[in-house]
Amino acid sequence: MNALKITLLALIAILLVVVVVDRSRQPAQLGELNRTLQALTEASRAQTDELKALRQQVASRPTTPDPGPRTPDPSSGNGNPALGANFLMPYDRSRYHPEWQGGTLRSFASSPKGLNPFLDNSSETSEVHGLCNDSLADRPAWAPEKWMAGLAESAVITDDYRTYTFRLRSGVTWQRPACARDDAFAWLRAEVPLTSADFAFALRIVLDPAVDCPQVRTYYEDLEKFETPDDRTLILRWKRPVYTSLASSLGLSPLPRHIYGRNRDGTPIPEAQIGIQFNKHWFDDLKGVCGVGPFQVVEYQQDKILRLERYPGYWGVPSRHVDRIEWMLDVKQPDPQLIAFKNGQVQAFGLSPLKFKSEVLDRKEPRFAAVDPANPKAGRSGELGWERTKRLAFSYLGWNQRRPLFADKRVRQAMAMAFPKERIIRDVFYGLGQPICSDVHPDHTAYNRSLVPWPYDPARAKALLAEAGWTDHDGDGLLDRTINGTSMPLTFAIKYYANSPEWDNTLSIFRNELKALGIGLDLQTYEWKEMIRIYEDRDFDAVVGGWGMSLDIDYFQLWHSSQADVPSGSNHCGFKNPRVDELADRLRTTFEAEARNAIIREIQVILHEEQPYLFFRSTEGIFTWQNRPPGGKPVEKDRWLAGVVEDLDGLHPLRNRAQVSWHFVQP
Amino acid sequence: MTGYLLRRMLFLIPTFIGIVIINFAVLRLQGGTLAEELSQGTGEAAGERRQQAAAQRYENYLDRFRRSGNDLPVLINLRGFLTKADLEADLRALQPGSGLKDSERNRREKDLWLLGPAAVRPLAEIVADPALAALHPTASQALTLCAYTSVEPRAATTLPPPVLTAIQERNRRLRELVMDPRDPVTADANRQALVALAQDPAYNRDDRWRNVLLHTGFTDFCRRLVTGDLYSETKKRYVFEVIAERWSVTFWLNTSSILIAWAVAVPLGIRSARRVSSLEDRVTTESLFVLWSVPSFFVGTLLLHHFCTADAGGQAWFPNKGLSSPDSLWWSTPAYLLDVLWHAALPLVTLSYASFVSLSRYLRADLLEQLHADYIRTARAKGADDDRVVYHHALPNSSLTMITLSAGLLSELFSGVLLVELIFSINGLGWLLLDAALQRDAPLIMGATVIQVGLLLVGILIADLLYAVADPRIRSRYA
């Protein structure tokens, strides 16, 4: 009897739960249904509009023969900045194969804080805007040091690289934002053409001190004025001819004035309040993104998903072949991410050196192809593909040249010869990364190929130290030298940040090497906050560091002697060299590519000789993706991508992982 | 009974206040400084600093710092009593050659900027004094930044437009007035303008006595807590909005794992106690102890690797992430519930195994003690059968221990749920809290902790209620 009662009660409870849950799911279902319906209504309305426009066009069709497709500006250049005439390469999408178009690319990303292009400076936000918006000129993936026409058909630089005049492309219209489906935003449904005023609006926002975007503003602080003589002309005038203003001018993206200049109901915001309202604009609350680019954000749920879809009304040819891009934001830990990748939930993923070792080198995951020393592309053939990708970043050991020990060039050179770079890269980083001899990436056009790396040669290092006065006088096994009457043993400390097993291993190898030479090395680890203080106070003998570089090389910040003495300057090692100062100053005002490369090569020779840093390795990662299972069972739609096409080889080697994934295709 | 309930609920209030105070104190002790905010703001991500010029718009950083409520003194605000002499000494220490390290000077300069409106008048006196010309550049910069008025995101939409425009206009003027010693003519004009601007009624110090206790970091925190104005800089949203989206997942994971723990622990404990010293009892005890000593993050990772990874056929036994399938919204409700159960199975196992192990052992020990008590012997002597002795006499007494343990279980689970959320990629409160801690987002940590404490207190209240149900002594005392 009791059992019957309990069963009955349990059944009633389950029924109750089902009913309650059912009721609670209804609003969500209705909402979703509503959204779908609205999207359908919107689509049919857009079609009606288009039909109307077409009818009008047909009715008003001129009897004169068609002038044919507009010919590109005949005066286009080779992409290298030059004075006087348009230097942009013509808009070129010959690498785009329409027959490859399609499919979804899913990958992991971390949640962007917000999607405002100026207020949120995370790399994810700028990637979203790179997909949804275009800039005046582009750096094509196969030749990133050149400039190609984008929203600007032509760019003319005059006035000794101070004035930039852009002629904008016509017929570009702003995307219709996703929120326009809602009737409350019916005023957003009209088609808005892109004009020079949208670029001026972007600059006005960036330069408005009330706007919370100091990071972006730095790039435009030297801008003297900007003018829009007509809808298709934009003129920027800089106070000084500085090389960095080139990228700031050409890379400028427009900002939709018809959205950020208006209130929620479509009425204009008073001019004086635009800046402060921009910081908390209703469009950002709706997680809206509006650009003139190839993709559109269709869904964004923080910590869940960000979904981008190809925008049908795009003015040009997109740079990626996929139709949809989905960022899974819900898996954050590397281990669960790897499992989700293996389960086929994402198509693209990156491996750390340690995971590369266990999954690929040790063959823990047999679906990855084995490493083949003879064939660098061997990783592409497995069921799961992998490929090395290079990053424009390097790591180093910095010697504090304010300390007497490292003020001596010979000691720094001896350190370079006592550091077994190749062996460490092979054993600690499993071959990921290239040994470097200067701060320019070996694949960069400005890299000086005549540099001969310091060899790993402990005997020569010892001789060099002896030359500098460091020998073992007292026979205690440690090198020493008499300074001011007292005998000083040769010992120093390297400070580096905790939680980096790779550096732990690297430095203990180095410590053994130095011990054999008679040098004592003390390893000290710190939290990152404390490391910042150490850099700032120059409170170190030697320190581990890393720099992310840009393709536009600038030597002022890192190596100019003036930066050694300003508070929080980046020349924390105190490197001072009059010739480097002179060259760095000259580089800032030199615009011609060859002249720049000549200066950069000369600086590299000096840096290599002076060894202010022990330049260690350029960063490399492993990029992995899903290939179609060879002979496998039929797969779910959109679950697999066909792998990397040969276009991967057509890429410039320094385009990072994000760009590699552009070249995924569906056959 | 109402008296008992009321008394229990009243006890919760001071506990809650005490916890809020401790929470605030701990966070303020480790709290960052504006100097750190500035150096983080210039793009120095961990491990690799980006090559870019240092950002120079200090007001925006000041805004951010003020929004996180870190600019005010902790408990006593004496800024209204700052004099010209105090600030003069501070400014002298900042001059080059004063023997301070760069980082220290940097920090102290930023601390000066945080003094806010109260320091405007004394700084203006310094700027007006020609004898202190050497201090003028630093003083005028500090003055413009102290006089700068931040507008909170919510206020930008609620303040009347004329007020907003006036504030903006004053801020804009301030920006133009920094004195540059290389340009003596404008420097002098700027100086006079700054002194005049400092006479703005916004900078009077009439309420300094009130402010001593009422305008401090702690009162500001409490105000934000009550009005819901806590703002998270890393999420760019108000804290309670973020928490509202997340708490339900954590809450139901926690509650169901407690229910599961009870459902397993009670029968297991009773069975063990009734068959004490038998082979079965020894085997369960030993194996449960082994299970207990395995940490839950380890078990979770093992489960993930072995049950959630697709085999050669492309199928896994359990899903590896989330609490429901992406398209489950359109499934029928029973199918949806089954899907949720399927997703929640491994997280619940990971969450509950440690608690049911310990609960069942406690219950066993307690029940054994009860079974040897005199009243049990009496019951047996009166002819009660074994089942009645255990279920009717001994178990209700043992359940008191269980209730006590369960109240604590809720907070214990909270830390456990964090690991489970990370391993099985579930978007809950624990994950949010970890994120906030790693990014040093103090308002978010405080908000989430307060919610967590709230849950814990609710747990304790429920436990108290259950005491009353289980223990006739309490009922009779408050009858």
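Domain bounds here come from an automatic or database domain assignment. On that basis chain B is divided into domain 1, residues 34–229, and domain 2, residues 240–477. The structure is a predicted model, in which local features need pLDDT of at least 70 and side-chain atom pairs count only at pLDDT 80 or more, while totals for chains, interfaces and linings use all residues. Residues are numbered from 1 along each chain as its sequence is written, and chains are lettered from A and ligands numbered from 1 in the order in which they are written.

The C-alpha centres of the two domains of chain B are separated by 51 Å. Six residues of domain 1 of chain B and five residues of domain 2 of chain B form the contact; two residues are in contact if their C-beta atoms, placed from the backbone, lie within 7 Å. On the domain 1 side of chain B, two of these residues are nonpolar, four are polar and none is charged. In this classification Ala, Val, Leu, Ile, Met, Phe, Trp, Tyr, Cys and Pro count as nonpolar, Asp, Glu, Lys and Arg as charged, and the others, Gly among them, as polar.

Chain A also has two domains: domain 1 covers 99–145 + 172–328, and domain 2 covers 391–620. Their C-alpha centres lie 40 Å apart. Eight residues of domain 1 of chain A meet eight residues of domain 2 of chain A, and the domain 1 side has six nonpolar, one polar and one charged residues.

As a whole, chain B has 21 helices and four strands. These are DSSP runs numbered from the N terminus, with helices (H or I) of at least four residues and strands (E) of at least two. The C-alpha trace of chain B spans about 105 × 65 × 50 Å along its principal axes. Its radius of gyration is 31 Å, whereas a compact globule of 479 residues would have one near 23 Å; the radius is taken over C-alpha atoms, and the globule rule is 2.2 Å times the number of residues to the power 0.38.

The two chains also touch each other, with 56 residues from chain B and 50 residues from chain A in the contact. Helix H9 of chain B, residues 161–175, gives the most to the chain B side, with seven residues. That side divides into 19 nonpolar, 22 polar and 15 charged residues.

Next comes the interior. A residue is buried if 20 or more other C-beta atoms lie within 10 Å of its own, exposed if 12 or fewer, and partly exposed in between, with C-beta atoms placed from the backbone. A nonpolar core is a set of buried Ala, Val, Leu, Ile, Met, Phe, Trp, Tyr and Cys residues joined through C-beta atoms within 7 Å. The largest nonpolar core has 127 residues, and Leu136(A) and Ala448(B) are among those that touch the most other members. Helix H18 of chain B, residues 386–423, supplies the largest share of this core, eleven residues.

Beyond its neighbours within four places in sequence, Ala448(B) contacts residues including Leu429(B), Leu432(B), Leu433(B) and Ala436(B). After H19(B) comes Arg440(B), with a positive phi near 55°.

Helix H18 of chain B also holds Ser406(B), which counts as buried because 22 C-beta neighbours lie inside 10 Å. Not counting residues up to four places away in sequence, Ser406(B) touches Ile258(B) and Ala463(B).
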